[in-house]
Amino acid sequence: MGAEESTEAASEDPGVTVVSRVTNTMTVDMDEDYQRIMNLPSFEPILKTHLSNDTRLEDMDRINPASLTKLVNRFAKHLKACDTFLITYQLKLLAKTKETDQKALHAMGLAQDKKKKMARQAAEISKITEMVSTVKKLHATLEQTLTLCNELNRSLPPDLRMEPFNFSSFASPDR
């Protein structure tokens, strides 16, 4: 009665599913992939010298040495053609790499020359800027001096006065 109660409880519970047992068990002999592997022909070495006495020598008699030689020679020619192609391709890549390196070095040299030229020009511009600021300071000092001279000249008696100095007769640095 205990087994029937557990079956009834399991069927009433929605989270539990009862599956019937498998009656026949699978064996390796019944596996389809295993059967295919078993039907594959066995490997036989090509050269008779590597055969043991237990193997079948009659299978070795079926190998045609002329066909095998042709196959090996064709394969060797194919490998040589691939080798020649790869060597040619590598040499072309090497030449292009060297050419690209030369172009890069040339471009880098040009860039360095341009950088040096720009640095020289920047130094000259800074010197010119410094000179311009010095000239402006001199101009301001000269105008102040002329103003003071004119004031001093006006403070003198009229018979000792000089003609007023006019700075506008000279070219200004702004022009």
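Predicted model: local features only at pLDDT ≥ 70, side-chain atom pairs only at ≥ 80, totals over all residues.

**Labels and their cut-offs**

Trainee: What makes you say that Pro164 touches other residues, and which ones?

Mentor: Pro164 touches Asn150 and Asn153, once residues up to four places away in sequence are set aside. A contact here means heavy atoms within 4.5 Å.

Trainee: Where does Pro164 sit, then?

Mentor: Pro164 is in the segment after helix H3 (65-155). Helices are DSSP runs of H or I with at least four residues, strands are E runs of at least two, and both are numbered from the N terminus. The chain has three helices and zero strands, so its pattern along the sequence reads α-α-α.

Trainee: Why is Pro164 called exposed?

Mentor: Its relative accessible area is 65%. Exposed means over 50%, buried under 20%, and partly exposed in between, using a 1.4 Å probe and protein chains only. Pro164 is therefore exposed at 65%.

Trainee: And what makes Asn150 buried?

Mentor: Asn150 has 19% relative accessible area, so it counts as buried. Asn150 lies in helix H3 and, leaving aside neighbours within four places in sequence, is in contact with Pro164 and Phe165.

Trainee: Why does Asn153 get the buried label?

Mentor: Because Asn153 comes out at 11%, it is buried. Asn153 is also in helix H3, and beyond its neighbours within four places its contacts are Arg161, Met162, Glu163 and Pro164. For the chain as a whole, 5% of the 175 residues count as buried.

Trainee: How do you know that Glu99 forms a salt bridge, and with which residue?

Mentor: The partner is Lys103, and the closest N and O atoms are 3.3 Å apart. A salt bridge is a side-chain nitrogen of Lys or Arg within 4 Å of a carboxyl oxygen of Asp or Glu, so the pair qualifies. By this rule the count comes to one salt bridge. Both residues lie in helix H3, four residues apart, about one turn of the helix. Side chains of opposite charge can pair when their charged atoms come close.

Trainee: Are Glu99 and Lys103 buried or exposed?

Mentor: Glu99 is partly exposed because its value is 43%, whereas Lys103 counts as exposed at 53%.

Trainee: What makes Lys114, Lys116, Lys117 and Arg120 a positive surface patch?

Mentor: Patch residues have over 30% relative accessible area and no salt bridge, with like charges joined within 9 Å and nonpolar side chains (Val, Leu, Ile, Met, Phe, Trp, Tyr) within 5 Å. Lys and Arg count as positive, Asp and Glu as negative, with His and the chain ends not counted. Lys114, Lys116, Lys117 and Arg120 together make such a positive patch. One of them, Lys117, is in helix H3 and counts as partly exposed because its accessibility is 48%.

Trainee: Which residues make the nonpolar surface patch?

Mentor: Phe85, Leu86, Tyr89 and Leu93 make that patch of about 430 Å². Tyr89 is found in helix H3, and at 46% Tyr89 is therefore partly exposed.

How values were computed:
Residues numbered from 1 in each chain as written. Heavy atoms only, no water. Areas by Shrake-Rupley, 256 points an atom, 1.4 Å probe, with all protein chains shown as cover. Charge placed at Lys NZ, Arg CZ, Asp CG, Glu CD.
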